[in-house]
Amino acid sequence: MPGRDTVYVWVGRDAGGPPDPAVSLLRRAGSALLGRAGNELVLTHDPGGRPVVRVDERVNLPVSVSRCPGIVVVAVRLAGPVGVDVERIRPVPALALAGRWFAAAELTWLAGRPEAERGVDFLRLWTAKEAVGKALGLGLRDGGLRRLMPPPGLPLRPVPGDETLWVGHPELGGDLVAAVAVRAGTQVDVEVVQGAGHGVAADRSASVERTSLPVVVRGNWSSSRSTRGRL
């Protein structure tokens, strides 16, 4: 599997309780890319707080984890930091949210999109911002929501103003929107090793609601994601 600089993506079902399915996916990914047995791998974090799969102090595999109701997604990359974010497609007040959180140019772009596609396009921009923030180890701090994103899609495209940051949207199947981001000097491939169609259930009822999107709390927008105690 290792060769050209590539982000590998796995999708699994997440029922919200132990055992954490991200651990199983990360061990599978680590075994595939590092050629080691799963019990040889240690799941930990780098000094910046980003998750890594480690064999020893010399061998680290950068990884990223994201969740939405019923689903966990992991992305791994041998060559350097990676970020991933996933959301389920659902109705959202796209223009209202973009007007509150995004740069004016992105609001204008969304407003010009067909009304039926605005919700998905908003989610593509949102996941791109989240994925870039994870690749940088910053999350959405330091103006991450205002950071301009390139047009959604594949292949990965440079982030405006920083040609070493790349982001794009692999197709995972089902009702999912996902983005992956990397820091790299040249184009990076994306391969979905296991998508939502590989026996991954789309049942939301057994899951804990997790989303990075703002939610309404007493009339104000705030961000809410519960992943306490999990990767």
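Over residues 201-210, the pLDDT of this predicted model stays under 50, and for that stretch the model has 28 contacts beyond four places in sequence. Where pLDDT is low, the predicted coordinates should not be read in detail. For the chain, the mean pLDDT is 83, and 83% of the residues reach 70 or more.

I turn now to the sheet. How many strands form it, and in what order? There are 6 strands in an open sheet, and the order is β2-β3-β4-β5-β1-β10, with mixed pairing. At the edges are β2, residues 42-45, and β10, residues 189-194, each of which pairs on one side only. From one strand to the next, the twist averages 30 degrees.

Let us consider one pair in detail. Strand β1, residues 6-13, runs parallel to β10, and 5 bridges join the two. Valine 7, for instance, has valine 190 in β10 as its bridge partner.

Next, the helices. Helix α1, residues 21-34, lies across β1, β2, β3, β4, β5 and β10. Its direction is at about 145 degrees to that of β4, the strand spanning residues 59-68.

Helix α2 covers residues 94-101. Which of its residues are buried? They are Ala94, Leu97, Ala98 and Trp101. Viewed down the axis of α2, these buried residues fall within an arc of 100 degrees, and therefore they line one face of the helix.

Terms used: Residues are numbered from 1 along each chain as its sequence is written. This is a predicted model: local features need pLDDT of at least 70, side-chain atom pairs count only at pLDDT 80 or more; totals for chains, interfaces and linings use all residues. Side-chain values use heavy atoms; hydrogens and water are left out. Buried means under 20% relative accessible area, exposed over 50%, partly exposed in between (1.4 Å probe, protein chains only). Helices (H or I, at least four residues) and strands (E, at least two) are DSSP runs, numbered from the N terminus. The arc is that of the directions from the helix axis to the C-beta atoms. pLDDT is the predictor's confidence in each residue, from 0 to 100. Contact means heavy atoms within 4.5 Å. Two strands pair if DSSP finds at least two bridges between them. Axes are lines fitted to C-alpha atoms, for helices over the stretch in contact, and angles run from 0 to 180 degrees between N-to-C directions.
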